[in-house]
Amino acid sequence: MSADTTTPAKVPPPRQAPPPGVPHAPRRKRTSRGTGVPWLLLAPCLLILALVMGYPLVRLVTLSFQSFGQSQLWGFKPAEWVGFDNFSGILGDGEFWGVVVRTIVFAAGSVIFTMVAGMALALLQQKVSGWLKTLINIVLVASWGMPVIVATTVFKWLFDTDYGVFNALLSKLPGVDMVGHNWFASGPQGLLVIMLLVVWGAVPFVVITLSAGLTQVPQELEEAARLDGAGAWGVFRYVTLPILKPIIVMLTTLSVIWDMGVFPQVFVMRGGHPEADFQLLSTYSYDRAFVVNDYGQGSAIALVTVVLLLGVVAVYMRQMLQIGEVE
Amino acid sequence: MSALTTDAPRKPTGGRRKSKVGWNLLGLLVFVVVGFPLYWMLDTAFKPAKDAIDPDPSLLPTGITLDNFRRALDIADFWGPVGRSLIVSLSVVVIGVIVGLLAALAISRFAFRGRKIVIVGILAVQMVPLVSMIIPVFLLLNDLDQYDKLSGLVITYLTFILPFTVWTLRGFIVNIPKELEEAAMVDGCSRTGAFIRVVFPLLAPGMVATSVYGFIQAWNEYLYALMLLSQEHQTATVWLGNFTTKHGTEYAPMMAGATMMAVPIVVLFLIVQRKMAAGLTAGAVKG
């Protein structure tokens with residue numbers, strides 16, 4: 001972690017261990033054995049990751065350049081190289097671009113909603129009484145721990161057309177009649193409900209992580225800012241926010257990656273067959289591969305998703321490595 | 001955390017108390033809104049089925065019955081999927097923690113060439129969206145004759161459990177001072193001896209928390225379980241997913257099924273969450 005453990009590695013240490021009893025023995029011992037042992041310890045992990053992550057990743061790339069259908073799956077025909085055909089196929093397809101735009105809008109909406117709500121709740125947690133804070137924490141952690149499938153099922157029930165409690169509650173408002181309203185009749189409304197579900201599941205992690213971060217904001221700094229005449233917003237904007245920035249960057253990038261890959265929520269909510277105006281990149285790629293049996297195009301779509309995310313991943317990694325450096 | 005609000009001596013007490021009531025009311029609203037889906041799941045599960053299908057449902061419990069649970073167990077085999085989920089999740093966790101601990105030790109306690117690349121690699125793997133890997137993983141397991149086998153699902157789950165386990169355990173290990181190990185070695189312990197006698201006991205709570213967390217993740221996974229196992233070998237999440245696609249959904253038994261799936265997991269999660277949050281964010285803010 002710190003500089004003093006990494007620098008000795010650059011200078012090759014003496015091969016033989018020093019005789020026992022030498023004052024510096026422990027330190028020398030560590031570095032002298034430091035070449036083979038760590039790789040031995042890493043070997044099982046790296047082997048498993050290479051098999052179930054490395055190989056499929058390579059296969060994903062090669063598949064995107066092949067024509068691979070039912071007959072290739074059963075081994076009747078060898079996979080055929082088709083160059084960029086799969087990509088020109090999907091990029092020339094109007095539906096694909098609709099899906100890309102929908103996915104980005106959906107993910108952006110979910111991330112912004114999650115982060116803003118998460119920040120607001122984390123700040124609120126500091127203002128409320130202790131007992132209420134505990135209660136809110138329990139509910140947050142419980143909803144965080146809910147299996148996605150269970151949460152999806154519950155939301156499906158809450159927003160049911162005929163017996164959903166949400167319609168019943170809305171209809172209690174004066175002048176609103178939502179009895180029998182089908183939230184899933186159109187894509188935008190249905191995806192809004194799904195966004196709510198995603199945000200409900202994602203907010204607890206954000207709140208709890210931000211709350212932990214908020215406890216580390218030095219109180220003297222806030223007080224100093226207040227003495228200098230900063231209002232509540234000023235303190236937040238110029239003291240709290242900059243200190244929380246590493247956590248916020250980490251949470252935002254993670255949320256982007258998660259929300260771009262939303263799958264079970266849409267899939268289960270639509271009974272395993274999302275309609276055209278519910279398709280996101282994840283379900284669209286799945287459909288191409290396992291419903292249309294065009295594994296080549298399905299892979300190409302998945303690859304496009306990964307490439308779209310690379311920039312976000314880079315930001316996340318930089319942040320995580322900086323955190324590692326500090327330690 | 002509360003010190004921030006109670007110690008600030010800047011407003012007269014009366015005004016502060018009034019504003020606290022305002023914040024508490026807002027907090028209560030948040031509590032109700034966030035908790036409502038959970039409440040409604042439990043409420044529907046224990047309600048008589050005829051009260052559940054009411055266009056204007058009563059918000060308070062109308063009576064307690066276990067009929068919905070009986071019905072949920074009748075509709076489809078429940079214990080088979082649960083047993084399979086248990087086997088898969090436990091295998092994943094045991095392998096993941098052993099293999100992950102070795103790797104975490106390597107990157108946190110040794111200085112070696114290529115260490116940074118390994119760390120970057122493990123972090124990067126964690127970032128690949130699982131959904132996009134489903135096609136090649138499906139084909140790989142097909143080739144290895146592991147399709148529709150629990151062992152196939154186990155190795156697949158390791159892809160997301162392992163990087164997470166390594167990274168979290170690393171966080172726990174770096175928080176154990178090296179001096180403790182060094183002191184043990186000065187006192188005549190071997191490196192392995194120092195690890196087993198000194199580091200391991202300190203690491204144990206973190207390992208338990210990581211295992212439980214990994215178990216929950218494996219238990220909750222849906223997409224791969226759906227794709228890599230046939231109907232007759234389905235796991236618990238897929239069991240519940242099936243429920244929703246059945247023609248003319250019976251919502252009350254479905255909520256009973258959801259309750260059976262969620263309650264043990266949520267309880268486990270409530271127990272380990274505090275420990276995990278500490279491990280996940282350790283060192284994330286350093287001023």
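Helix axes here are lines fitted to C-alpha atoms, for helices over the stretch in contact, and angles run from 0 to 180 degrees between N-to-C directions. Helices (H or I, at least four residues) and strands (E, at least two) are DSSP runs, numbered from the N terminus.

This is a predicted model, in which local features need pLDDT of at least 70 and side-chain atom pairs count only at pLDDT 80 or more, while totals for chains, interfaces and linings use all residues. Residues are numbered from 1 along each chain as its sequence is written, and chains are lettered from A and ligands numbered from 1 in the order in which they are written.

**Stop 1: two helices in chain B**

Select residues 79–109 and 191–220 of chain B, which are helix H5 and helix H10. They pack at an angle of about 140°, and their axes are 9 Å apart. H5(B) and H10(B) are therefore oblique to each other; angles under 35 degrees count as roughly parallel, over 145 as roughly antiparallel, 65 to 115 as roughly perpendicular and the rest as oblique. The crossing of H5(B) over H10(B) is right-handed, meaning that the near helix is turned clockwise from the far one by less than a right angle.

To show the contact, pick Ser85(B), Val88(B), Ser89(B), Val92(B), Val93(B), Gly96(B) and Val97(B) on H5(B). Two residues are in contact if their C-beta atoms, placed from the backbone, lie within 7 Å. By class, the contact of H5(B) with H10(B) has eight nonpolar, six polar and no charged residues. Ala, Val, Leu, Ile, Met, Phe, Trp, Tyr, Cys and Pro count as nonpolar, Asp, Glu, Lys and Arg as charged, and the others, Gly among them, as polar.

**Stop 2: a loop in chain B**

Go to Asp148(B), in the loop between helix H7 (134–143) and helix H8 (150–174) of chain B. Asp148(B) is not a glycine, yet its phi is positive, at about 65°. Asp148(B) counts as partly exposed, with 15 C-beta neighbours inside 10 Å. A residue is buried if 20 or more other C-beta atoms lie within 10 Å of its own, exposed if 12 or fewer, and partly exposed in between, with C-beta atoms placed from the backbone.

**Stop 3: where the chains meet**

Show both chains. The contact takes 92 residues from chain B and 102 residues from chain A. On the side of chain B that touches chain A, helix H2 (residues 13–46) of chain B gives the most, with 15 residues. That side of chain B divides into 65 nonpolar, 19 polar and eight charged residues.

**Stop 4: chain A as a whole**

Now hide chain B. Chain A has 15 helices and two strands, and of its 327 residues, 40% count as buried. Among contacts in chain A with a separation of 6 or more, 64% are between residues 24 or more positions apart.

The mean for chain A is 83, and 88% of its residues reach 70 or more. Confidence in chain A is lowest in helix H1 (residues 3–10), at a mean of 38, and highest in helix H6 (residues 94–127), at 94. Over residues 1–34 of chain A pLDDT stays under 50, and the model has 30 contacts beyond four places in sequence for this stretch.

**Stop 5: two helices in chain A**

Select helix H10 (residues 187–214) and helix H12 (residues 232–260) of chain A, whose axes are 10 Å apart at an angle of about 165°. H10(A) and H12(A) are therefore roughly antiparallel to each other. H10(A) passes H12(A) in a right-handed crossing. By class, this contact of H10(A) with H12(A) has eight nonpolar, three polar and one charged residues.

Centre on Leu251(A), which is in helix H12 of chain A. Leu251(A) counts as buried, with 25 C-beta neighbours inside 10 Å. Leaving out residues up to four places away in sequence, Leu251(A) touches Met115(A), Val206(A) and Thr209(A). Leu251(A) and Val111(A) are 140 residues apart in sequence, and their C-alpha atoms are 9.4 Å apart in space.

**Stop 6**

In H14(A), eight of the 11 residues are buried, including Leu281(A), Tyr284(A), Tyr286(A) and Arg288(A). H14(A) is followed by Asn293(A), in the loop between helix H14 (281–291) and helix H15 (295–326) of chain A. Asn293(A) has a positive phi, near 65°, in a residue other than glycine. Asn293(A) is partly exposed, with 15 other C-beta atoms within 10 Å.

Key
pLDDT = per-residue confidence, 0-100.
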